[in-house]
Amino acid sequence: MFVGAAVGIALSHLPGLPMIAGVGMGIGALTVAMLGLPLTSVLLDSLLLAADGVALMPLVIVAVVTAYVASAHLAPAKTEVATVEAAPPLVTK
């Protein structure tokens, strides 16, 4: 979350983006990239930003959804593991 805040502060120098909005978007985006839980990421971000959390929620939601889709798209493909079938039981007479 700290790294997300640092990246958000670095990106807050873009025109029209206040620093608190950059911090919120960075925290939300990095949290969802690490946890993979978009609703939790928005909730944590809103709680951390206190009074500004409600006003910035639309920007945070857009950042979280974008980061979630990007991380899901860039994730390595899951490979199937070959299962070993159990040998038939030995019958003794």
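Which helix does S41 lie in? Select S41 and see: S41 lies in helix α3. Keep in mind that this is a predicted model.

**Stop 1: S41**

Stay on S41. Is S41 buried or exposed? S41 is buried, because its relative accessible area is 1%, and buried means under 20%. Now show the contacts of S41. Not counting residues up to four places away in sequence, S41 touches G28, T31, V32 and V64. S41 and I61 are 20 residues apart along the chain. Their C-alpha atoms are separated by 9.0 Å.

**Stop 2: S46**

Move along to S46. S46 also lies in α3, which covers residues 38-48. S46 is buried too, because its relative accessible area is 15% and the cut-off is under 20%. Which residues does S46 contact, leaving aside neighbours within four places in sequence? The partners are G53 and M57.

**Stop 3: α3 against α5**

Select α3 together with helix α5, residues 57-74. The two helices pack at an angle of about 145°. Their axes are 10 Å apart. Colour the residues that make the contact. On the α3 side, pick P38, S41, V42, D45 and S46. On the α5 side, pick M57, V60, I61, V64 and Y68. Now look at how the helices pass each other. The crossing of α3 and α5 is right-handed.

**Stop 4: G36**

Go to G36. Where does G36 lie? G36 is in the loop between α2 and α3. G36 counts as partly exposed, because its relative accessibility is 33%. Leaving aside neighbours within four places in sequence, G36 contacts T31 and Y68. G36 and S71 are 35 residues apart along the chain, yet their C-alpha atoms are separated by 8.3 Å.

**Stop 5: the nonpolar patch**

Switch to a surface view. Select M1, F2, V3, V7, L11, L14, L30, M34, L35, L37, L44 and L48. These residues form a nonpolar patch on the surface. Together they have about 1,200 Å² of accessible area. Which elements give two or more residues to the nonpolar patch? They are α1 (2-11), α2 (19-35) and α3. α1 gives the most, with four residues.

L30 lies in helix α2. L30 counts as partly exposed, because its relative accessibility is 30%.

Notes:
Residues are numbered from 1 along each chain as its sequence is written. This is a predicted model: local features need pLDDT of at least 70, side-chain atom pairs count only at pLDDT 80 or more; totals for chains, interfaces and linings use all residues. Side-chain values use heavy atoms; hydrogens and water are left out. Buried means under 20% relative accessible area, exposed over 50%, partly exposed in between (1.4 Å probe, protein chains only). Contact means heavy atoms within 4.5 Å. Patches are made of residues with over 30% relative accessible area and no salt bridge: like charges are joined within 9 Å, nonpolar side chains (Val, Leu, Ile, Met, Phe, Trp, Tyr) within 5 Å. Accessible areas come from the Shrake-Rupley method with a 1.4 Å probe; for residues, only the protein chains shown count as cover. A salt bridge is a side-chain nitrogen of Lys or Arg within 4 Å of a carboxyl oxygen of Asp or Glu. Axes are lines fitted to C-alpha atoms, for helices over the stretch in contact, and angles run from 0 to 180 degrees between N-to-C directions. A crossing is left-handed if the near helix is turned anticlockwise from the far one by less than a right angle, and right-handed if clockwise.
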